[in-house]
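Q: Before we look at anything in detail, could you guide me through reading the places where a protein meets its ligands?

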Amino acid sequence: MENKIKIDEDLYIGGEEFIFIAGPCAVENLEQIDEIGAFLYKLGIKILRGGAFKPRTDPKSFQGLGIEGIEILKKIKEKYNFKIISEIMDPRDIEIFHDYIDIFQIGSRNMYNYSLLKEMGKIDKPILLKRGMSATIEEWIKAAEYIEIGGNNNIIFCERGIRSFDNYTRNMLDLMSVPIIKEKTNYPIIVDPSHGTGRRELILPATKAALALEADGVMIEVHPNPEEALSDGQQSLNFNEFKELLLEINN
Ligand code: PEP
Ligand code: MN
């Protein structure tokens with residue numbers, strides 16, 4: 001039997017409903033999150049994503065707003081009654097996350113960070129565990145066991161693509177992990193077609209495939225003006241594109 005992960009009264013990941021998590025790659029400022037929040041709220045989206053601490057390959061690129069970003073998320077959470085997901089990179093931030101963030105995201109780069117995973121085992125919030133970009137499925141499942149052993153079994157897997165020889169897509173979205181994780185674990189799995197493809201035109205087909213494979217949902221980067229996004233604009237949908245995607249999937 002699959003573990004449904006409770007996010008709120010009547011909101012589960014791993015239940016009947018295919019869940020859409022949406023929002024920008026990074027929290028850039030209050031106005032941006034407010035604009036995105038108002039848009040997603042109107043569409044009935046219940047879980048808003050936004051990175052405050054950004055794990056960037058280049059240390060000179062935008063690293064996120066940090067605590068200020070978390071405070072912005074909190075304001076918008078309260079304004080529109082969202083549940084919030086954001087990436088935690090450092091166990092020293094657990095306390096502030098605990099007060100404001102509903103789902104703790106462990107990013108691809110930290111899937112192997114066993115001390116962080118052990119800390120996630122001690123908290124009582126859902127953990128979204130992204131697949132390491134070079135992790136085998138077995139390694140990914142073992143990473144979840146680190147969390148589980150600590151006593152937290154509110155785990156959601158997230159397939160976000162793995163590195164391959166072909167960089168036409170940013171990553172190779174390994175959708176076969178969806179039925180495999182479902183067979184080998186009791187946890188739900190969602191798909192991240194934004195990081196999984198790195199190309200906005202592939203987000204819709206990847207979402208259709210995730211749905212067909214009975215994934216529990218998708219997490220999609222949405223930005224009012226992707227060309228000007230501080231990170232991951234090329235894989236973010238603008239408002240119109242996201243609305244079209246929802247229409248197409250829900251029909
Ligand atoms: C993200 O979700 O913005 C992110 C950094 O993802 P990943 O850890 O999969 O690269
Ligand atoms: Mn991103």
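A: Let us begin with a single contact, bearing in mind that this is a predicted model. A polar side-chain atom of His195 lies 3.2 Å from an oxygen atom of ligand 1, and a pair of N or O atoms is called a polar contact when the two are within 3.5 Å.

Q: Where does ligand 1 sit, and how many residues surround it?

A: Ligand 1 sits in the largest pocket, and 13 residues surround it, with Arg49, Lys54, Ser108, Lys130 and Arg160 being the closest. Sorted by class, this shell consists of 7 charged, 4 polar and 2 nonpolar residues.

Q: Which residues coordinate the manganese ion?

A: To read a metal site, one looks for the donor atoms around the metal. Here the manganese ion, ligand 2, is coordinated by Cys25 through SG, His195 through NE2, Glu221 through OE and Asp232 through OD, at 2.0 to 2.3 Å.

Q: How are these donor residues spaced in sequence?

A: Their spacing is C-x169-H-x25-E-x10-D. Among them, His195 in helix α7 (residues 193–197) and Glu221 in strand β10 (residues 217–221) are 26 residues apart, and this pair links distant parts of the chain.

Note on methods
Residues numbered from 1 in each chain as written. Chains lettered and ligands numbered in written order. Predicted model: local features only at pLDDT ≥ 70, side-chain atom pairs only at ≥ 80, totals over all residues. Heavy atoms only, no water. Near = heavy atom within 4 Å. Polar contact = N/O pair within 3.5 Å; in protein donor to acceptor, adjacent residues only side chain to side chain. 1 Å grid on protein atoms, 1.4 Å probe; cavity = no way out; pocket = protein on both sides within 12 Å on 5 of 7 lines; lining within 4 Å. Sits in = over half its atoms within 2 Å of the grid points. Nonpolar A, V, L, I, M, F, W, Y, C, P; charged D, E, K, R; others polar. Donors = N, O, S within 2.8 Å, 3.2 Å for Na, K, Ca; no water. Helix = DSSP H or I, 4+ residues; strand = E, 2+ residues; numbered from the N terminus.
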